[in-house]
Amino acid sequence: MDYQYITLEIDAAIGVITLNRPQQLNALNWGLVGELAHALETCDADDAIRVMIITGSGEKAFAAGADIKEMAGQTPVSMLSGGFESWERIRKVHKPVIAAVNGYALGGGCELAMHCDIIVASENAQFGQPEINLGIMPGAGGTQRLARTLGKFVTMEMTLTGRNYSAQELHQLGLVNKVVAIGQALEEAKNMARKIAKKSPVAARFIKESVLAAFETPQEVGLAYEKRLFGLLFSTEDQKEGMQAFIEKRDADFKGR
């Protein structure tokens, strides 16, 4: 597929997807979100790719929000049926996804970062949910993911005031994994991705599923789900290779089987 709004590059076992609307600060129109979903699904289906990274072109913005010009004339029906299918497709990606955030990650950009599994941010990164300034509210999971990560009170302040939070603030609050120098977010994300890519792809997928289940199920159900996935891993070649490599004091060579 030829992409208009993003680029996809394969770096060994890593798929790097770049939001590519720099003149619009990588604003998320429906076409971009649809292309992003397609690229992630393409990488998800490719056994040679083990980790994906999402970043934005330029240093000014990861994604400065939704495309307000596109959104302004929408109706309730068009909004509810238009772009949300693509967001759901992004949510269902099985492999680990890392956000490399440079500059603004506002509104839908903040929500996109939270769709990822790890967030690496440059020192100049700014996160926020400023939808209330437009007379609307977050609609791609912002209130839910923030509340589950930051708790009620920080989420209320963030979404009701619409103010931006620095990468350093959100690192202290537990939303950002690592803050790096300006221009280094993508490289640090690649460093993390290389480490993950060396691990068992099957175990990585199951770990992601199990962690996400903690946000969607009661603890008793989540514990049972984790135990079931743990047991299933003992049917894989990766489990046998990993334990044999440990016994033999060598690096494991995981095949994803």
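One word first: "buried" means under 20% relative accessible area, exposed means over 50%, and partly exposed is in between (1.4 Å probe, protein chains only). This is a predicted model, where local features need pLDDT of at least 70 and side-chain atom pairs count only at pLDDT 80 or more, while totals for chains, interfaces and linings use all residues. Residues are numbered from 1 along each chain as its sequence is written, and side-chain values use heavy atoms, leaving out hydrogens and water.

**Stop one: lysine 190.** Select lysine 190, in helix H9 (residues 185-197); helices (H or I, at least four residues) and strands (E, at least two) are DSSP runs, numbered from the N terminus. Is lysine 190 buried or exposed? Its relative accessible area is 17%, so lysine 190 counts as buried. Leaving aside neighbours within four places in sequence, lysine 190 is in contact with Asp11, Ile14, Val16 and Ile53, where contact means heavy atoms within 4.5 Å.

**Stop two: H4.** Now pick helix H4 (residues 84-91) and color Ser86, Trp87 and Ile90, which are buried. They sit on the same side of H4, because they cover an arc of only 100 degrees around the axis (the arc of the directions from the helix axis to the C-beta atoms).

**Stop three: H1.** Stay on H1, whose buried residues include Leu32, Gly34 and Cys43. Show strand E1 (6-11) and strand E3 (51-56) too: both are among the elements covering the buried residues of H1.
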